[in-house]
Amino acid sequence: MQPPTPPRPGYALFDGRPVMAFRQESSRRTFIKGAALVGVGGAFVAWRAGDPRAFAQGSATDLEILNYALTLEYLEAEFYTQGLAGNVLTGRDLELVTPIRDHEQAHVTALTETVTSLGGTPAEMPKFMFPDGTFTDRDMFLTAASMFEELGVTAYHGQVPLIQSAEILGAAASIAGVESRHAAVVADLLGGDPFPAPFEANKPMDEVLAAAGQFIQS
Amino acid sequence: MKRRDLIRGAATVIPASIALQMLGTKFAFAQDGDFDGPLDVLNYALTLEYLEAEFYRQGNAADLLDGKAAEYLQKIQTDEETHVTVLMDTITQLGGSPVPAPGVDFGQAFASSDSYLEAGYTFENLGVSAYLGAAPSLFAEKELLSAAASIFGVEARHAAILGVLLEKPAEGGVYMGATETPMSREEVLQAAAPFIVSTVTR
């Protein structure tokens with residue numbers, strides 16, 4: 001079954017407005033930085049974006065996928081922790097965003113423990129740097145949040161066919177559904193579209209890491 | 001392929017039961033015998049999507065909502081109708097026969113805007129748990145698995161926004177915790193049974 005993949009604004013645009021001042025093009029350098037963080041090595045560079053067969057032949061193990069997810073969850077957890085500390089949200093905004101931070105922190109904990117329980121070494125938390133002004137303005141904060149949530153959704157869905165254990169798949173899916181809820185709620189708070197398509201989009205690891213790499217200080 | 005392989009996954013290379021405990025999810029995943037192959041899973045999903053699509057068709061026709069709520073519910077209806085179409089096409093392409101749409105009766109669901117949204121909220125959360133519960137039964141069929149997952153995520157969006165429209169509490173209302181909870185086929189069909197007046201055969 002090939003769900004239609006309608007054009008999506010991607011992580012850089014929301015409702016036709018630029019999200020913030022970061023590079024839109026994946027750069028090899030930021031990708032390699034991200035890949036090194038999750039320990040997947042340079043083999044992924046050879047993957048062609050959007051080619052599921054090239055993807056499936058990649059050498060990522062479930063542990064590598066879990067560490068990749070962990071790195072993205074670190075990013076989200078830190079983003080919301082810093083964002084909520086900025087005290088720019090009030091009322092229903094605050095009520096709806098606070099649990100998102102708690103969920104992302106719970107995902108970090110769960111993924112860390114899972115990697116450990118499987119005999120792996122959890123990826124370390126990178127140092128993150130968010131653009132000036134991200135946390136001093138409600139719309140900037142929520143716009144960035146929307147970008148991260150949509151990126152997280154596409155990241156999880158990109159790994160669905162690659163996970164080798166049915167149980168890990170179930171666990172990852174149970175997190176992915178929550179990220180979809182977050183994405184919809186944040187879009188609604190911004191007056192955007194919580195239902196951009198009848199099917200969730202997906203992105204391969206290299207594209208996601210390149211996008212996330214913008215916020216990682218090496 | 002033997003059904004056992006389909007359900008268990010061909011090669012579980014890590015002791016994932018440990019991982020699951022760590023993830024703290026309540027895995028009411030598909031058990032042996034829940035589904036008779038991928039077509040059966042797709043027809044199960046199709047039945048739920050029929051139910052949802054017809055629910056929103058009737059609900060939106062009742063003209064209970066306005067403004068943003070009306071706009072959102074119209075989009076949700078379109079999403080569910082798209083899911084029905086795609087699932088039917090997929091089943092046919094795989095050489096199967098799509099189950100017919102069940103006869104439905106939504107009782108007093110359309111008595112008010114709140115009862116409509118509340119019933120939709122229940123259906124969406126049920127749909128989320130149903131897809132998650134069935135996911136392992138599609139594990140060996142990667143294209144089907146990916147497609148089902150991509151529908152599952154959209155059902156989660158619907159569920160959250162219906163919670164928002166109903167002004168539910170954030171946790172336990174809009175969100176159902178840090179992880180979604182799967183439901184078994186039996187639980188799902190039991191929950192849907194009150195709305196189905198003519199049953200479809202398995």
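Helices (DSSP runs of H or I, at least four residues) and strands (DSSP runs of E, at least two) are numbered from the N terminus. The model is predicted: local features need pLDDT of at least 70, side-chain atom pairs count only at pLDDT 80 or more, and totals for chains, interfaces and linings use all residues. Residues are numbered from 1 along each chain as its sequence is written, chains are lettered from A and ligands numbered from 1 in the order in which they are written, and side-chain values use heavy atoms, with hydrogens and water left out.

Chain B contains seven helices and two strands. Along the sequence, their pattern is α-α-α-α-β-α-α-α-β. Contact means heavy atoms within 4.5 Å. Among contacts in chain B between residues at least 6 apart in sequence, 85% link residues at least 24 apart. The accessible surface of chain B is about 8500 Å² (Shrake-Rupley method, 1.4 Å probe). Carbon and sulfur atoms account for 52% of that surface.

Asn43(B) sits in helix 3 of chain B, which covers residues 38–61. Asn43(B) is buried, at a relative accessible area of 12%. Leaving aside residues up to four places away in sequence, Asn43(B) touches Ile91(B), Ser97(B), Pro98(B) and Val99(B).

Most residues other than glycine have a negative phi. Asp63(B), not a glycine, has a positive phi near 60°. Asp63(B) lies in the loop between helix 3 and helix 4 (67–93) of chain B. Asp63(B) is exposed (over 50% relative accessible area), with a value of 63%. Glu167(B) also is not a glycine, and its phi is positive, at about 55°. The loop between helix 6 (142–165) and helix 7 (185–192) of chain B holds Glu167(B). Glu167(B) is exposed, with a relative accessible area of 67%.

In chain A, helix 4 (residues 91–117) packs with helix 6 (residues 166–189) at an angle of about 160°. Their axes, lines fitted to C-alpha atoms over the stretch in contact, lie 11 Å apart. Angles run from 0 to 180 degrees between N-to-C directions. Helix 4 and helix 6 of chain A are therefore roughly antiparallel (over 145 degrees). By class, the contact of helix 4 with helix 6 has 10 nonpolar (Ala, Val, Leu, Ile, Met, Phe, Trp, Tyr, Cys and Pro), four polar (the others, Gly among them) and three charged (Asp, Glu, Lys and Arg) residues.

Terms used. Parallel < 35°, antiparallel > 145°, perpendicular 65-115°, else oblique. Buried < 20%, exposed > 50% of the residue type's maximum accessible area, 1.4 Å probe, protein only.
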